[in-house]
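Hello,

Here is the structure we talked about. Please open it alongside this email, and then read on for what turned up.

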Amino acid sequence: MADKIILTCALTGSIHTPSMSPHLPSGPDMIAKQAVAAAEAGATILHLHARDPKDGRPSAKVEDFLAFLPRIRQRTDAIINISTGGSSQMTLAERLAPSLAAKPEMCSLNMGSMNFGIFPLAEQPRAWKHDWEQPFLAATKDVVFKNTFADIESILTDLGEAHDTRFEFECYDPGHIQTLAHFLKKGLVKAPLFVQFVLGVLGGIDASPESLLFMKQTADRLLGDSYRFSVLAAGRHQMKLGTMGAILGGHVRVGLEDSLSDGASRALAPDNAHQVARIRRILTEMGYEIASPSEARAMLNLKGGDRVAF
Ligand code: KMH
Ligand code: ZN
């Protein structure tokens, strides 16, 4: 029998900025409120970044995470997944601090260094709300999002081994899958791997059906039956390629981190729950079932929501 579908909602991230949508969660109250609503709408996993409560810039401060993590945990059973990607302009130590403090069930783990180009967003005409936004985006023309073999190994050791945290392996191109296969062979990662195919980030593979098939074929070849996959497609491709991912036997990630759209038009999504409800509707109309958090915990071999530090 096919797996039930694990629906991840990535709430806010570090790609979009407050001027792009008033609905992008940008402080702890809004992040907590939208996270709980997304879980109520059917999200199995909540992928979380923090933002500075004053001006919505991406934050790696532990206190900014702790301002919403316990509130979400108290109000939902959803699996809490903390980003170790942060933003491409944070150091690795900054990016890891929140997860080392919170010891969550899951963290993201980016499987290679890359150009993570969000500078085209700085070039769009827009009334900017905050001074930091345009320079932050423009800087990505000359920044490397650093995730070396040593960086990856240290995350696997310091979080994975030390705190029994498991990972959402973010793969932005087929080379990242080869890197994951290397760690599998060395025994530093263990099945069942949860691989996120990230499509449509400038600097990584494009968002197209052909690329999704190629990512899956590559993972089948290199990881065999050691993995499950999920699909994240940036921007307007989110719902369609997520749906294709489900048809191919995978899981799906939505959320305002990767797309601000309502999923069917150029209109802005009013919140994260709206996107979760839409993909859930699409999938259940086709006969798929959505995994509950406890079903996903069993599928991904997670330590349990009672073994975290928040
Ligand atoms: N927003 C995704 C394209 C992370 O948080 O570690 C990448 C991401 C990375 O989610
Ligand atoms: Zn993220």
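Is Phe149 buried, partly exposed or exposed? Phe149 is partly exposed, at 47% relative accessibility. The cut-offs matter here: under 20% is buried and over 50% is exposed, so a value in between counts as partly exposed. One caution before the rest: this is a predicted model.

**The barrel**

Start with the fold. 8 strands close into a barrel, with parallel pairing. Their order is β1-β2-β5-β6-β9-β10-β11-β12. From one strand to the next, the twist averages 25°.

Strand β1 covers residues 7–10 and strand β12 covers residues 251–254. The two pair in the parallel sense over 3 bridges. Thr8 has Arg253 of β12 as its bridge partner. Cys9 has Val254 of β12 as its partner.

Val231 stands opposite Val252 in β12.

Which way do the side chains of β12 point? His251 and Arg253 point one way, and Val252 and Val254 point the other way.

**The zinc site**

Which residues are the protein donors of the zinc ion (ligand 2)? They are His47 (NE2), His49 (NE2) and Glu257 (OE). These donors lie 2.1 Å from the zinc ion. Their spacing in sequence is H-x1-H-x207-E.

The site links distant parts of the chain: His47 and Glu257 are 210 residues apart. His47 sits in strand β2 (residues 45–48). Glu257 sits in the loop between β12 and α10 (272–285). His47 has a relative accessible area of 1%, so His47 is buried. Glu257 is at 7% relative accessibility and therefore counts as buried too.

**Aromatic pairs**

A search of the whole structure finds 8 aromatic pairs. Two of them are worth a look.

Take Phe116 and Phe145. Their ring centres are 5.6 Å apart and their planes stand at 90°, so the pair is edge-to-face. Phe116 is in the loop between β7 (114–115) and α5 (133–138), while Phe145 is in strand β8 (residues 144–145). The pair therefore ties together parts that are 29 residues apart in sequence. Phe116 is buried, at 12% relative accessible area. Phe145 is buried as well, at 3%.

Now back to Phe149. Phe149 and Phe183 form a tilted aromatic pair, 6.2 Å centre to centre with 35° between the planes. Phe149 is in helix α6 (residues 149–163) and Phe183 is in helix α7 (residues 174–186), 34 residues apart. How accessible is Phe183? Phe183 is buried, with a relative accessible area of 0%. Phe149, at 47%, is partly exposed.

Ring pairs also link Phe116, Phe145 and Tyr172 into a cluster.

**One charge over a ring**

Finally, find Arg126 and Trp128. Arg126 lies over the face of Trp128. The distance to the ring centre is 5.5 Å.

Best wishes

Technical notes: Residues are numbered from 1 along each chain as its sequence is written. Chains are lettered from A and ligands numbered from 1 in the order in which they are written. This is a predicted model: local features need pLDDT of at least 70, side-chain atom pairs count only at pLDDT 80 or more; totals for chains, interfaces and linings use all residues. Side-chain values use heavy atoms; hydrogens and water are left out. Two strands pair if DSSP finds at least two bridges between them. Helices (H or I, at least four residues) and strands (E, at least two) are DSSP runs, numbered from the N terminus. Axes are lines fitted to C-alpha atoms, for helices over the stretch in contact, and angles run from 0 to 180 degrees between N-to-C directions. Donors are N, O and S atoms within 2.8 Å of the metal (3.2 Å for Na, K and Ca); water is not among the atoms, so sites may look incomplete. Buried means under 20% relative accessible area, exposed over 50%, partly exposed in between (1.4 Å probe, protein chains only). Rings of Phe, Tyr and Trp (its six-membered ring) pair if their centres lie within 6.5 Å; planes under 30 degrees apart count as stacked, over 60 as edge-to-face and the rest as tilted. A charge sits over a ring if NZ of Lys or CZ of Arg is within 6 Å of the ring centre and within 35 degrees of the ring normal.
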